Amino acid sequence: MITLTIPEAFTPLNRMLGETWNKRIKTRRRWAWLVRAAKLDAKVFVETPLPRARVTITRHGRRICDPDNLIGGAKGTIDCLVREGLIADDTPDHIELIVLQQITKLPHTVVTIEALG
């Protein structure tokens with residue numbers, strides 16, 4: 001099992017859609033670095049991506065999001081996991097996705113990846 005702690009709560013979908021294309025690109029690049037740094041902090045060195053995995057993403061934020069905003073906002077995080085070689089793909093054949101949320105004073109995101117048979 002792989003656990004990554006990212007020091008930011010991911011942006012909900014509605015807020016992301018309201019951003020300019022330039023801001024979205026900057027956010028995507030920042031998240032790629034945040035996931036890479038979390039991977040190094042957790043000392044995760046994967047040679048081949050997991051072909052099938054259960055991915056649980058828990059957003060710890062100051063407010064609760066609508067369910068559709070929550071799931072849509074997790075897309076960038078999932079894409080980063082694919083790019084970093086942790087999971088093979090983000091299709092239903094490759095991942096079982098669980099997205100949760102909790103209210104906390106210190107926003108962050110916790111990603112747990114478990115290999116499935």
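## Close-up views of a predicted model

**View 1. A backbone nitrogen faces the side chain of Thr109.** The backbone nitrogen of Phe10 lies 3.3 Å from a polar atom of the Thr109 side chain. This model is predicted. The backbone oxygen of Glu8 also has a polar atom of the Thr109 side chain 2.7 Å away. Thr109 itself belongs to strand β4.

**View 2. The surroundings of Thr109.** Is Thr109 buried or exposed? Its relative accessible area is 0%, so Thr109 is buried, the cut-off being under 20%. Leaving out residues up to four places away in sequence, Thr109 touches Leu4, Thr5, Ile6, Glu8, Ala9, Phe10, Trp31, Ile57 and Thr58.

**View 3. The four-stranded sheet.** The sheet is open, and its strands run in the order β1-β4-β2-β3. Their pairing is mixed. Strands β1 (2-6) and β3 (95-103) form the edges, each pairing on one side only. On average, neighbouring strands are turned by 15° against each other, direction ignored. Helix α2 (residues 21-41) packs on this sheet and touches β1 and β4 (108-115). The direction of α2 makes about 130° with that of β1.

**View 4. The pairing of β2 with β3.** In which sense do β2 and β3 pair? Strand β2 (residues 53-61) pairs with β3 in the parallel sense. Nine bridges join the two strands. Val55 has Leu97 of β3 as its bridge partner.

**View 5. The largest nonpolar core.** This core holds 25 residues. Leu4, Leu81, Ile87, Val111 and Ile113 have the most contacts inside it. At least two core residues come from each of β1, α2, β2, α4 (75-83), β3 and β4. Which of the elements gives the most to this core? Helix α2 does, with five residues. In soluble globular proteins, nonpolar side chains tend to be buried together.

**View 6. Leu81 and its contacts.** Which residues is Leu81 in contact with, leaving aside neighbours within four places in sequence? They are Leu4, Val35, Val55, Leu86, Ile87, Val111 and Ile113.

**View 7. The whole chain, for orientation.** The protein has four helices and four strands. Along the sequence they follow the pattern β-α-α-β-α-α-β-β. The C-alpha atoms fill a box of roughly 35 × 25 × 25 Å along the principal axes. Among contacts between residues at least 6 apart in sequence, 87% join residues at least 24 apart.

Notes
Residues numbered from 1 in each chain as written. Predicted model: local features only at pLDDT ≥ 70, side-chain atom pairs only at ≥ 80, totals over all residues. Heavy atoms only, no water. Pairing = 2+ DSSP bridges. Axes fitted to C-alpha atoms, helices over the stretch in contact; angles between N-to-C directions. Contact = heavy atoms within 4.5 Å. Buried < 20%, exposed > 50% of the residue type's maximum accessible area, 1.4 Å probe, protein only. Polar contact = N/O pair within 3.5 Å; in protein donor to acceptor, adjacent residues only side chain to side chain. Core = buried A, V, L, I, M, F, W, Y, C linked by side-chain atoms within 4.5 Å.
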